[in-house]
Amino acid sequence: MAKDTKEPDDAGPAEEPFDNRPSDLDEMTHQELRLMHEEASTAVLFAKNIQWRSVGASLLVFGACIAIAVSIPADKTFANLLSALTILLTCGVIFVLLMYQFWQFNEFARIDKIEQQFSTLYRKIRNAKSRREGNAHRYTLLMFMMAVVVLGAVVANIAIKQSVLMKKPSYSRSYSGN
């Protein structure tokens, strides 16, 4: 029987030999670091969840402001108050987005320090995704979230102003001739 042999040209690029070195930590310290790693990872997910919820909640409030402006007889002063509310909310949400982004940055720094103590195999697998690519994704999403909030505020302010312009106050009543 003939053996199935491949020529070196068909094998593709040769992979470097890998020397896996386990962690030098004792079992208790290793468990502590695993717990800290899990907590930091959970904190990152929590912060990202809060960011998205903040964006969604702000858009709901903008929608509520539009609904209020359209449904109630509002004058220009009330419309200005609603517009100021949307601007204040936008600033607050952007502050929250940035605050949680810095928190995530700090948690990633903690994760990096923890992972330096793990095995070389763990670090090799972890580094399969480029850190630069991960940062690009994170900050692109942050910019997208901030842009959505700002655009939501702009649309809300335009709708609020238009609702006041569309309402025509009636100052005279028709009386039957008495």
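Visitor: Where does K124 lie?
Guide: In this predicted model, K124 lies in helix α3, which covers residues 120–126.

Visitor: Is K124 buried, exposed or partly exposed?
Guide: K124 counts as partly exposed, at 39% relative accessibility.

Visitor: And how far apart are K124 and F18, in sequence and in space?
Guide: In sequence, K124 and F18 are 106 residues apart. In space, the C-alpha to C-alpha distance between K124 and F18 is 9.6 Å.

Visitor: Stepping back, how many helices and strands are in the protein chain?
Guide: The protein chain has four helices and zero strands. Read along the sequence, the pattern is α-α-α-α. The chain has 178 residues, of which 26% count as buried.

Visitor: On to the aromatics. How many aromatic pairs are there?
Guide: The count comes to four aromatic pairs. One of them joins F46 and W103, whose ring centres are 5.9 Å apart with the planes at 75°.

Visitor: Why is the pair of F46 and W103 edge-to-face?
Guide: The planes of F46 and W103 stand at 75°, and an angle over 60 degrees counts as edge-to-face.

Visitor: Which parts of the chain does that pair link?
Guide: The pair links distant parts of the chain, 57 residues apart. F46 is in helix α1, residues 27–71, and W103 is in helix α2, residues 76–115.

Visitor: How about burial: are F46 and W103 buried, exposed or partly exposed?
Guide: F46 is partly exposed, with a relative accessible area of 43%. W103 also counts as partly exposed, at 31% relative accessibility.

Visitor: What of the rings of Y100 and W103?
Guide: The ring centres of Y100 and W103 are 5.6 Å apart and the planes are at 45°, so this pair is tilted. Both residues lie in helix α2, three residues apart, which is about one turn of the helix. Y100 is buried, with a relative accessible area of 16%.

Visitor: Why does 16% make Y100 buried?
Guide: Buried means under 20% relative accessible area, and Y100 has 16%.

Visitor: Which residues form one aromatic cluster?
Guide: F46, Y100 and W103 form one aromatic cluster.

Visitor: Changing topic: what sits over the ring of F108?
Guide: The charged end of R138 sits over the ring of F108, at 4.1 Å from the ring centre.

Visitor: Now the largest pocket. How much space lies in it?
Guide: About 270 Å³ of space lies in the largest pocket. The pocket is lined by 14 residues, and the closest to its centre are F108, R126, K129, G134 and R138. F108 and R138 are also the residues in which the charged end of R138 sits over the ring of F108.

Visitor: What is the lining like by class?
Guide: The lining of the largest pocket has four nonpolar, five polar and five charged residues.

Visitor: Last topic: how many residues has the largest nonpolar core?
Guide: The largest nonpolar core has eleven residues, including V55, F62, V93, L97, L142 and M146. The elements that give two or more residues to this core are α1, α2 and α4.

Visitor: Which element gives the most to this core?
Guide: Helix α4 gives the most to this core, with six residues.

How values were computed
Residues are numbered from 1 along each chain as its sequence is written. This is a predicted model: local features need pLDDT of at least 70, side-chain atom pairs count only at pLDDT 80 or more; totals for chains, interfaces and linings use all residues. Side-chain values use heavy atoms; hydrogens and water are left out. Rings of Phe, Tyr and Trp (its six-membered ring) pair if their centres lie within 6.5 Å; planes under 30 degrees apart count as stacked, over 60 as edge-to-face and the rest as tilted. Buried means under 20% relative accessible area, exposed over 50%, partly exposed in between (1.4 Å probe, protein chains only). A charge sits over a ring if NZ of Lys or CZ of Arg is within 6 Å of the ring centre and within 35 degrees of the ring normal. On a 1 Å grid over the protein atoms alone, a cavity is a set of points where a 1.4 Å probe fits but cannot get out, and a pocket is an open set with protein on both sides within 12 Å along at least five of seven lines; lining residues have an atom within 4 Å of a point. Grid points are joined across faces, edges and corners, and a volume is the space filled by probe spheres set on the points. Ala, Val, Leu, Ile, Met, Phe, Trp, Tyr, Cys and Pro count as nonpolar, Asp, Glu, Lys and Arg as charged, and the others, Gly among them, as polar. A nonpolar core is a set of buried Ala, Val, Leu, Ile, Met, Phe, Trp, Tyr and Cys residues joined through side-chain atoms within 4.5 Å.
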